[in-house]
Amino acid sequence: MNKKPIIRFENVTKQYDGETILNDVSFEIESGKFYTLLGPSGCGKTTILRLIAGFTEPTEGHIHFRGKVIDRIPANERQVNTVFQDYALFPHLNVYENVAFGLRVKKWKKPDIDAKVKEALRFVNLEGYETRAISEMSGGQRQRVAIARAIVNEPEVLLLDEPLSALDLKLRTEMQYELRELQRRLGITFIFVTHDQEEALAMSDEIFVLDHGIIQQTGSPTDIYDEPINRFVADFIGESNIVPGRMIRDFLVEFAGRTFECVDGGFSSDEPVEIVIRPEDLEITTPDRGKMKVRVDSQLFRGVHYEIIGYDESGNEWLVHSTKRVNVGAEIGLDFDPEAIHVMRFGETEEEFDRRLEAYESSESGGAST
Amino acid sequence: MRSRNGTPANAYLFVVFLILYAPILYLLFYSFNSGGTMHGFEGFTFEWYQEVFQDTRLFVIVLNTVVIALLSAAISTLFGVMGALAINRIRRRRNRNALLTVNNVLIVSPDVIIGASFLILFTMAGIKLGFISVLLSHIAFSIPIVVLMVLPRLREMSPTLIDAARDLGASGWYVLSRVVLPFIRPGIFAGFFMALTYSMDDFAVTFFVTGNGYSTLSVEIYARARHGISLSINALSTLIFLFTLALVVGYYLMNRRGNRRPGWGAPLP
Amino acid sequence: MTGRTRNFYLIPYAAWMLLFVAAPIALIVYYSLFDIEGKFSFTNYQKFLSPIYLKMTLYSFWYALLITLFSLLVAYPTAYALTRTKHKQLWLLLIVLPSWINLLLKTYAFLGLFGTYGLTNAILETLGLGTHQILFTDFSFIFVSVYIFIPFMILPIFNALEDMNSSLLDASRDLGASAWITFRRVIFPLTLGGVKAGCQAVFIPALSLFMITRLIAGNRVITLGTAIEQHFLVTQDWGMGSAIAVVLIIVMALVMIATGERKRGVKDA
């Protein structure tokens, strides 16, 4: 935690043709971690990457790299390299020359280039492909060439712009493992951009969830999944049931016409809130045993589970993932733990959220935690 | 479809080809006629070819034509590539289209108007009519063609390719010489080739702006043809035909080796 | 790219535009406002409105229209047949090849082909149709013009046909359309852009032909192009020549705007 950040964004705003793409964004990137910028298209995640790479300059604010402001330093003088979404491999050069490109720019000596390129190709399991034309490589192989071309320059930060989006599902999963493994072996910072929440959850140390040019939430995959800060994050990461509710007092919440015990606190009493319950946290039981009664509206078989949609008496929709089959039209009971209920405050920022979390967590454990 | 429409369609194509090639073959055939006219083949002779090769005036004119073609093609390729790069850099669609419209003015303008307006221009500027005026004109009307041949290739190039090169540490000139120019090379070749053929094919513009005894092949053929049929023109045309054929085949093979679509899918005037 | 990079490629290109596009047009407009004695007046335009010039303009348009129409009639089926052949690119190359042979030579060939004792008359004779005066007629003028322009009409139509998604044809047939309806309702509308580009590439040059009129039509047909050439190079009345050129430029711009805008409309639809 005390490590000095390698990259720091200080109130960065980026406007393009009068449109605000990034709105007063500040964050820090530490060395040696796998970061993911996650968000829907147009949320500003690629812009952050382009700002770090130096393809574009901030309209306002500053970008620091190892403590120095790099706002106006052109891309070719920065210590970062990029793996592009379309790989951007030079079609007129073969695999070897693509990988060697950066070293040739730096005017390295031939034997050094040779050794380094071979090493990089070995790193991505592409030995023996040196003389191949790019057009002869498959999607997955091109991906590896693009990675080799970037890492051969020994960047301190590797930027990856949706590099897996062009691959098919199976290869994508495979590459997720490989990229994670590669990051560990290289020990450098990866900043990975994606709109695929599963990808983000699977690979990252830290996720930045972005929407409308603002970082909505920062945290580890489990933090973000379990404690989404607002409706957007809850909705974007995984599937969720989001219903309106009211906080009666700490650890007691009302929704769907009933009161429930919960583990959240730090709200003013009777504050209107939003309730998130993940579909896999809902357990199907008999109507009398459940905490809530729901009438089943539809059911789809999804392979590992059934996806059931039902409505409670107040008309809220509930999505349930269950290995049990139910009958459409039947009334079922839903059971869940107090921990499964996640309460979200309207319009809460990340700092407020963190402060509140810390406050009631320390009060709960009697000030034992630091 | 093919089996049903095949025969009449092919027959039609055959007729079109016959008509397209008839005049050329006709010229070739009579270039060997000892009779001296373009009818009634009397006997085989190389006499007209000898005449062509002994005609020093014609030799000079051929040389003029080739020099003008090569020089104007090279210079207009240089300018055209810069023009294409300039247009490609313009972000606003409207400005880009406006520039393209101006670019295309000389392509769609009738030769007569280009010739006449250039004649005025050179006279006003005090440039003596002859080699310089012809060269300048050919450069001027070839530039937009080169732009049109290079631009699609440039638009085809993913902008991330330039980002990638810069990301890998390449500076502006390095990006241009090692990434952009190699990528658009087929377009540049196509542009050069088109400029070459436009220059060699041009008659009207040259006819207007030439003077002081300076002549190119087209102008010379026109002058001779106005005096009636002379079979040395036939012999000359056979030679030109073979030369053009060699040029086109060479260009075609070069494109094939470069693994690119041949450029004649692209705009002609 | 960052906003800081200056578009310095624009400088030579813009210089070319200024010198060889803007300046010549400005000069020709300027010259059109001076009569033969060098006095500023509108007499040139007044003269243009006289019956002689109006009639000539009308004829010019009429011939250009005929040439365009016949070119289209021949070119469309040719392009269509070409798309159905096995080695399309090769056949296309063969179609385009003659257009790369010097225009003057091809025109010259027709002097022989259409001559009193030429091949055409020989064929007519054999068929028992007797010998005719073919050269120096409207027919020969239009025929040779169509011959010259046909590749320029075939190319854009061929490209438009190639760009068409072939599953659209299947879809049309699937929905019960006959071959003719498919052509009329699907193929032709979708290739209209190519047809317009082709018409533009033929009509404008056809309006200003002068070389073919002189060699083939033997001064029988006087077009706007011939008139410009006459004024500039024979009578030295640059003012009058410029005035005709200005009219031609305006007509050309109108044609471009008309075809251009409609092309955009088709794309949007």
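Domain bounds, as used in this entry, come from an automatic or database domain assignment. I worked throughout with a predicted model.

**Entry 1. Domains of chain A.** I looked up how chain A is divided and noted domain 1 (7-226) and domain 2 (240-344). I then checked the separation of the two domains of chain A, and found that their C-alpha centres lie 40 Å apart.

**Entry 2. A hairpin in chain A.** I examined strand E9 (residues 206-211) and strand E10 (residues 214-219) of chain A; the two run antiparallel and are joined by 5 bridges. Within this pair, I recorded A:Ile207 opposite A:Gly219 of E10(A). I noted that E9(A) and E10(A) form a hairpin with 2 residues between them. In the turn, A:His212 has a positive phi of about 50°.

I located A:Asp24 in strand E2 (residues 19-29) of chain A. I placed A:Ala256 in the loop between strand E12 (252-255) and strand E13 (258-261) of chain A.

Is A:Ala256 buried or exposed? I counted 22 other C-beta atoms within 10 Å of A:Ala256; the cut-off for a buried residue is 20 or more, so A:Ala256 is buried. For A:Asp24 the count is 15 other C-beta atoms within 10 Å. A residue is exposed at 12 or fewer and buried at 20 or more, and A:Asp24 is therefore partly exposed.

**Entry 3. Chain B against chain C.** I looked up the contacts between these chains and found 65 residues of chain B in contact with 68 residues of chain C. Which element gives the largest share of the side of chain B that touches chain C? I found it to be helix H1 (residues 2-30) of chain B, with 14 residues. By class, I recorded 50 nonpolar, 11 polar and 4 charged residues on the side of chain B that touches chain C.

Entry 4. I consulted UniProt, where an unreviewed entry lists "transmembrane region" for residues 7-33, 61-83, 90-114, 134-158, 197-218 and 238-258 of chain C. I compared two of these ranges with the model. Over residues 7-33, chain C is 81% helix and 0% strand, and the end C-alpha atoms are 38 Å apart. Over residues 61-83, chain C is 100% helix and 0% strand, with 32 Å between the end C-alpha atoms.

Methods. Residues numbered from 1 in each chain as written. Chains lettered and ligands numbered in written order. Predicted model: local features only at pLDDT ≥ 70, side-chain atom pairs only at ≥ 80, totals over all residues. Contact = placed C-beta atoms within 7 Å. Helix = DSSP H or I, 4+ residues; strand = E, 2+ residues; numbered from the N terminus. Nonpolar A, V, L, I, M, F, W, Y, C, P; charged D, E, K, R; others polar. Pairing = 2+ DSSP bridges. UniProt positions renumbered as here; feature names shortened; annotations may be inferred.
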